[in-house]
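Visitor: I'd like a walk through this one, please. Tell me what gets called what, and how you know.

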Amino acid sequence: MNKDDRRAAIVQAAVSLITREGFEAATVRAVAREMGASPGQIHHHFSSADALRAEALGAVWSRMFEELRDRMPATSTRDRCALLLGAEGHPADDISERLWRDALAASHMHSRVREALVESLSVWRGMMTDQLRNGQREGDVPRELDIEDAADQLLAMAFGMVSLRGLSMLERDKAQRALLGLYDRLVGAPRE
């Protein structure tokens, strides 16, 4: 295996561990065991477990964002934004929520993880603003709406909901209704 292929295999092993068992499960030893390699091979490609986890998180989120794009309904802007906010109750949302919580907790201690989190949030924000802009063009979203501000408020609430759900302080149904309620207040209730 060449160097790039070996590095990709290491990241894939970390991705598998992270999605299956959570962020902290992706230790150098566990990743090495997952791919049948030695820890030294992992350290040859990554300076630390946090560097590996950050790259693996980026890969996980890239896949999740791609899956969101693939699942994007051709219906209303509200439906597309609901998907981006996790207000649809898709099975992948549980994994996504766990990863956001794990990354947020780890970002306070590890700068590389923080950078991966910020980059992913930026992509998520871009996807939301794109949908709201498309909604303006389609007539679903008022022209006077401040798209950037609306996206920030929606994502902040979605991110807060992830935290509350993680603490078992909020049920999924209530979180979904609250997110869609905020959307309706910011953008306007869907037309009948």
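**Why the labels fit**

Visitor: Before we start, what kind of model is this?

Guide: It's a predicted model. The protein chain has nine helices and zero strands, and along the sequence it reads α-α-α-α-α-α-α-α-α. Buried residues make up 43% of its 192 residues.

Visitor: What share of the contacts in the protein chain joins residues at least 24 apart?

Guide: Take the contacts between residues at least 6 apart in sequence: 64% of them join residues at least 24 apart.

Visitor: What makes α1 and α2 parallel or perpendicular?

Guide: Angles of 65 to 115 degrees count as roughly perpendicular. The axes of α1 and α2 cross at roughly 110° and come within 9 Å. They are therefore roughly perpendicular to each other. On the α1 side the contact is made by R6, A9, I10, A13, A14, S16, L17 and R20, and on the α2 side by A30, V31, E34 and M35. Sorted by class, that contact has eight nonpolar, one polar and three charged residues.

Visitor: Then why is the pair α5 and α7 called parallel or antiparallel?

Guide: Helix α5 (residues 77-85) and helix α7 (residues 111-138) pack at about 175°, with axes 9 Å apart. Over 145 degrees counts as roughly antiparallel, so α5 is roughly antiparallel to α7. T77, R80, C81, L84 and L85 of α5 meet W124, M127, M128, Q131, L132, N134, G135 and E138 of α7. By class, this contact has seven nonpolar, four polar and two charged residues.

Visitor: How do you know whether α5 is enclosed by the rest of the structure?

Guide: Seven of the nine residues of α5 are buried, so it is largely enclosed by the rest of the structure. The buried ones are T77, R80, C81, A82, L83, L84 and L85.

Visitor: What makes you say the length of α4 agrees with what a helix should span?

Guide: At 1.5 Å a residue, the 23 residues of α4 should span 33 Å, and the end C-alpha atoms are 32 Å apart, so the two agree. As for burial in α4, the list is D50, A51, L52, R53, A54, A56, L57, V60, W61, M64, F65 and L68.

Visitor: Which residues have the most contacts inside the largest nonpolar core?

Guide: That core has 55 residues, and those with the most contacts inside it are V31, L52, L57, W61, W124, M128 and L132. At least two residues each come from α1 (3-21), α2 (28-35), α4 (49-71), α5, α6 (92-107), α7, α8 (147-166) and α9 (172-187). α4 gives the most, with ten residues.

Visitor: What does L132 touch?

Guide: Leaving aside neighbours within four places in sequence, L132 is in contact with T77, C81, V141, I147, A150, A151, Y183 and V187.

Visitor: How do you know which label W100 gets?

Guide: Again, under 20% is buried. W100 is at 5%, so it counts as buried. W100 is in helix α6. Its C-alpha atom is separated by 8.1 Å from that of F159, although W100 and F159 are 59 residues apart along the chain.

Conventions:
Residues are numbered from 1 along each chain as its sequence is written. This is a predicted model: local features need pLDDT of at least 70, side-chain atom pairs count only at pLDDT 80 or more; totals for chains, interfaces and linings use all residues. Side-chain values use heavy atoms; hydrogens and water are left out. Axes are lines fitted to C-alpha atoms, for helices over the stretch in contact, and angles run from 0 to 180 degrees between N-to-C directions. Helices (H or I, at least four residues) and strands (E, at least two) are DSSP runs, numbered from the N terminus. Angles under 35 degrees count as roughly parallel, over 145 as roughly antiparallel, 65 to 115 as roughly perpendicular and the rest as oblique. Contact means heavy atoms within 4.5 Å. Ala, Val, Leu, Ile, Met, Phe, Trp, Tyr, Cys and Pro count as nonpolar, Asp, Glu, Lys and Arg as charged, and the others, Gly among them, as polar. A nonpolar core is a set of buried Ala, Val, Leu, Ile, Met, Phe, Trp, Tyr and Cys residues joined through side-chain atoms within 4.5 Å. Buried means under 20% relative accessible area, exposed over 50%, partly exposed in between (1.4 Å probe, protein chains only). The expected span of a helix is 1.5 Å times one less than its number of residues.
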